[in-house]
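Please read the following points beside the sequence and the model.

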Amino acid sequence: MYPPPRKDFIALTLSEQHGRSYNNAKHRRQSCWRKWKQLSRLQRSLILFLLALLLICVLLFYPGFSEQWRDVSDRAVRDDWDGDWEQGLKPIPPGVIPAVGPGVGPAVGLGGVVASLHMGPTVAPGLLPEVIPAPQIPKVPSLHKPAVKKRPLRNKRGPPRLQERNGSELQVKPSEKGQLMKEPAKKEPVENEGVEEVKDRKKPLISWRGAMIEADQATEAPSSAHEKDATVLPVSVNPEDAAPLAPVSVKSVDRLEAVREAFRHAWKGYKQFAWGHDELKPVSKSYAEWFGLGLTLVDALDTMWILGLTEEFKEARNWVETELTFSKDVDVNLFESTIRILGGLLSTYHLTGDDMFLEKAKDIGLRLMPAFKTPSKIPFSDVNIGKGTAHPPRWTSDSTVAEVTSVQLEFRELSRLTHDPQYQEVVNFVMREVHKLPGKHDGLVPMFINTNSGQFTHKGVFTLGARADSYYEYLLKQWIQGGKTEPDLLEDYLEAVEGVKKHLLRTSGPSRLTFVGELNHNRFNPKMDHLVCFLPGTLALGAHNGLPEDHMELALQLMETCHQMYVQMETGLSPEIAHFNLQPSDGRDVHVKPADRHNLLRPETVESLFYLYRFTKDTKYRDWGWEILESFNKYTRVPSGGYTSISNVRDPVNPGPRDKMESFFLGETLKYFYLLFSDDVELLSLDQYVFNTEAHPLPIWQATLV
Ligand code: DMJ
């Protein structure tokens, strides 16, 4: 038998048949193959080994190459943004916060956008804020523009305290069948990554606040209604007072990105299905109208600015300028439109220095004034901002106590900015009346007040929850806003805290949780609204401002309780109302009635976590906040965009989406998440700003006794 012919030999023959020009490469391959076969086994092994070695080397060095390439492209992007700055930059008016410049593309762009709206004199070069490179974020996939992390920007602009951002977003898992929500990618940051950035950020910085507050100084403050001998001036900060920037942990940067991603997701739904309307209905991909004033958009303006969301802010600003009109035949609720719209416009004016926002604020402020034209001067709940008429709800001539006493921060600030005392006068009158009104119970107020008589009605029910909550919050915050010059406010606040301790505090049976219940005609009801979870933050703020230390102790205890209202639920989200178990047992502390199982994406617990973290630096508060954000993402996130309130926090299988995203989710909840996770205590310092009850920061005035 002949052996079968060798393939290489056959191939060579075919090549000759078809000619070189046709199959030259093939011919070469066949020659090589023949030569390869002619090598000894040892020679072939040696060559294979060398090739394998070469391959390993290439693989080992590849990341280095890719890193170099990334550097080159980052630099290109950064240079682009620098260019934007140079082209778009116009003078920043003194006395306002300069553009938020997170040190990455979007925020620099934002600075350019808003700077182009400024009309004041140029800021002295020495007062321009310095830009710190954004910290490096490991393994977070970039969705839009790559984050610029490694080197400082050439143009040192933008407030250094607002630098913890980059342009990346979290991954969203592919949708799972039958599940409403998608989860954001979970990622445990590597602890020692980011060391380089921490090192970089240690250098002292020039304060940007000195530059921005100056213009406010030019705005004369109307005299305080409670303290005639005080001249109230805005806080001025010396640029040299700037503290070195705090080190930034990788974990917090990561969480900040998660908040920005959540905002973008919410905004995506709003933009697509509810643009210019009050609220997004994310499940039905439609919208709900309440006042017809773009409530979500206006409420979210300063959040976008603080988060450094350039494009989103730019579009929203454009809508406010061109579309938002208050010349409309609509009834609006005085309280809600004040805290969300007036408050949102005022704070955005302060953050951006853009006069357009102040003009809009003046417009809505003036249109709300008819609410105060009542026999008692206690305002009606509703105003028609087009007709200039006001009225109480159809079924009563009462107003809610929390509502008439929680418009003060905004109206007082409007007077300060406009030099027109009428706003401050009407709201201070309300506070003076309530201060001397009979019917309080050791500083605790009933829930209703009559607009004819000016007296409390429905006496005997006392709560820190709905219809009374922000009365207590605004006592303290007005006192802080006015430079601590109005003793009646402080007196009422201190008395109220004592009233809470005396009448409303109890501890639960199972875990000894301190909670705030309600008093109903002398009967204690162990019911606590989620709304009450503003209280730990407010108490802590008071203690920070020199009020008794036991306020802080109570704040810590109540914070634990509010946390438990989340963790004891199957979804990790708090119900709207909790009933505490007073019996000693091994069971749960928190019981929830079927009608109270909903969650509206409310902010109060996150708000308090923010205050407590700022004052204690205990990282457990951040971790608790992170768990809440994760639960929101798991149970309330709608894949097509937006977040929804849910009907049942006890049912993780069917939480029951309610098809509504409240404006405060963007105005408050996400903003407080961001501030909670930020390492920068000077980002809206609590010694410079007081947050209204819708999380819109307003400046604290400096009191100078004359
Ligand atoms: C917001 O409008 C404000 O925080 C208000 O003080 C209470 N209700 C919502 C949020 O829960």
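1. Glu486 is buried, because its relative accessible area is 1%, where buried means under 20% relative accessible area, exposed over 50%, and partly exposed in between (1.4 Å probe, protein chains only). This residue lies in the loop between helix 15 and helix 16, and its side chain makes a polar contact of 2.7 Å with the side chain of Arg412. A polar contact here is a pair of N or O atoms within 3.5 Å; within protein, one must be able to donate a hydrogen and the other to accept it, and residues adjacent in sequence count only if both atoms are side-chain atoms. Helices (H or I, at least four residues) and strands (E, at least two) are DSSP runs, numbered from the N terminus.

2. The model is a predicted one, in which local features need pLDDT of at least 70 and side-chain atom pairs count only at pLDDT 80 or more, whereas totals for chains, interfaces and linings use all residues. Residues are numbered from 1 along each chain as its sequence is written, and side-chain values use heavy atoms, with hydrogens and water left out.

3. For the chain as a whole, there are 21 helices and 20 strands, and buried residues make up 60% of its 706 residues. Taking contact to mean heavy atoms within 4.5 Å, 73% of the contacts between residues at least 6 apart in sequence join residues at least 24 apart.

4. Glu473, in helix 15, is another buried glutamate, given its relative accessible area of 2%. Its side chain is joined to that of Thr693 by a polar contact of 2.9 Å. When neighbours within four places in sequence are left aside, the residues in contact with Glu473 are Phe534, Thr538, Glu607, Phe691, Asn692 and Thr693.

5. Which elements do the buried residues of helix 17 pack against? They pack against helix 15, helix 16 (487-504), strand 12 (514-516), helix 18 (549-567) and helix 19. Helix 17 (residues 535-544) is largely enclosed by the rest of the structure, because nine of its ten residues are buried; among them are Leu535, Pro536, Thr538 and Leu541. Just after helix 17, Gly546 takes a positive phi of about 95°.

6. The largest pocket holds about 820 Å³ of space and is lined by 35 residues, of which Phe335, Glu336, Thr400, Glu403 and Arg467 lie nearest its centre. Elements giving two or more residues to this lining include helix 12 (401-404), helix 19 (604-616) and helix 21 (663-677), while helix 10 gives the most, with four residues. On a 1 Å grid over the protein atoms alone, a pocket is an open set of points where a 1.4 Å probe fits, with protein on both sides within 12 Å along at least five of seven lines, and lining residues have an atom within 4 Å of a point. By class, the lining has 13 nonpolar, eight polar and 14 charged residues.

7. Helix 11 (residues 355-368) has 14 residues and reaches 20 Å from its first C-alpha to its last, close to the 20 Å expected at 1.5 Å a residue. At the start of helix 11, a side-chain oxygen of Asp354 comes to within 3.0 Å of the backbone nitrogen of Met356. Met356 is itself buried, and the buried residues of this helix also include Phe357, Lys360, Ile364 and Leu368.

8. Tyr287 belongs to strand 3 (residues 286-288) and counts as partly exposed, at 40% relative accessibility. Residues up to four places away in sequence not being counted, Tyr287 touches Phe273, Ala274, His277, Glu279 and Lys281. Between Tyr287 and Lys660, which are 373 residues apart in sequence, the C-alpha to C-alpha distance is 8.3 Å.

Technical notes
Expected span 1.5 Å × (residues − 1). Points joined across faces, edges and corners; volume = space filled by probe spheres on them. Nonpolar A, V, L, I, M, F, W, Y, C, P; charged D, E, K, R; others polar.
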